Amino acid sequence: KLVTDLPADTKLALMAYGHTKEKDCGEVELLSAVGKDTPDMLSKLIATLTPTGKTPIAGALEKSKEAFKGLEGQNNNI
């Protein structure tokens with residue numbers, strides 16, 4: 001619900017971890033680049049995810065820097 005409640009001009013991305021492999025702390029995947037998909041499309045994508053693995057939050061935060069390349073100096077949030 002949060003995804004569809006954000007302001008219309010918000011550019012979203014979706015990164016997931018622990019969604020395909022069990023016990024894999026290295027599994028972090030950018031599923032949708034910044035601004036690529038609409039909130040409705042992202043909501044549908046989120047609904048398909050099934051948590052199966054670990055929660056490599058530090059790895060996801062580190063990898064998220066790549067998702068923001070070229071968008072430096074903007075109001076970027078994770």
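Modeller: We will take the labels one by one, on a model that is predicted.

Colleague: What does the secondary structure of the chain come to?

Modeller: It comes to three helices and two strands. From the N terminus on, the elements run α-β-β-α-α. The C-alpha atoms fill a box of roughly 35 × 25 × 15 Å along the principal axes.

Colleague: How much of the chain is made up of buried residues?

Modeller: Buried residues make up 22% of the 78 residues. The label needs a relative accessible area under 20%.

Colleague: Then why is Ser32 called buried?

Modeller: Ser32 has 1% relative accessibility. The limit for buried is under 20%. Therefore Ser32 counts as buried. Its place is in strand 2.

Colleague: What makes the link between Ser32 and Asp37 a polar contact?

Modeller: Their side chains are joined at 2.6 Å. A polar contact asks for a pair of N or O atoms within 3.5 Å, one able to donate a hydrogen and the other to accept it. The link between Ser32 and Asp37 is therefore listed as a polar contact. Leaving out residues up to four places away in sequence, Ser32 touches Ala13, Leu14, Asp37 and Leu42.

Colleague: How far is Glu72 from Thr52?

Modeller: They are 20 residues apart in sequence. In space they are 33 Å apart, C-alpha to C-alpha. Leu6 and Glu72 are 66 residues apart in sequence and 21 Å apart in space, C-alpha to C-alpha.

Colleague: Why is Leu6 called partly exposed?

Modeller: Leu6 has 32% relative accessibility. Buried is under 20% and exposed is over 50%, with partly exposed in between. So Leu6 counts as partly exposed. Leu6 is found in the loop between helix 1 and strand 1.

Colleague: What label does Leu30 get, and why?

Modeller: Leu30 has a relative accessible area of 34%. Leu30 lies in strand 2. Beyond residues up to four places away in sequence, Leu30 touches Ala13, Leu14, Met15 and Ala67.

Colleague: Which residues of helix 3 are buried, and how do you know that they line one face?

Modeller: The buried residues of helix 3 are Ala60, Ser64 and Ala67. Seen down the helix axis, they fall within an arc of 45 degrees, so they line one face. An α-helix has 3.6 residues a turn, so residues three or four places apart point the same way.

Colleague: What covers that buried side, and what is on the face turned away?

Modeller: The cover of the buried residues of helix 3 includes strand 1 and strand 2. The face turned away carries the exposed residues Ala58, Lys65 and Glu66.

Colleague: Last, the largest pocket. Which residues are closest to its centre?

Modeller: The largest pocket holds about 840 Å³ of space. Of the 27 residues that line the largest pocket, Lys11, Leu12, Ala13, Asn77 and Ile78 are closest to the centre.

Colleague: Which element gives the largest share of the lining?

Modeller: Helix 3 does, with five residues. Helix 1, strand 1, helix 2 and helix 3 each supply at least two.

Colleague: How does the lining of the largest pocket divide by residue type?

Modeller: The lining divides into 19 nonpolar, six polar and two charged residues.

Terms used
Residues numbered from 1 in each chain as written. Predicted model: local features only at pLDDT ≥ 70, side-chain atom pairs only at ≥ 80, totals over all residues. Heavy atoms only, no water. 1 Å grid on protein atoms, 1.4 Å probe; cavity = no way out; pocket = protein on both sides within 12 Å on 5 of 7 lines; lining within 4 Å. Points joined across faces, edges and corners; volume = space filled by probe spheres on them. Helix = DSSP H or I, 4+ residues; strand = E, 2+ residues; numbered from the N terminus. Nonpolar A, V, L, I, M, F, W, Y, C, P; charged D, E, K, R; others polar. Buried < 20%, exposed > 50% of the residue type's maximum accessible area, 1.4 Å probe, protein only. Arc of directions from axis to C-beta. Contact = heavy atoms within 4.5 Å.
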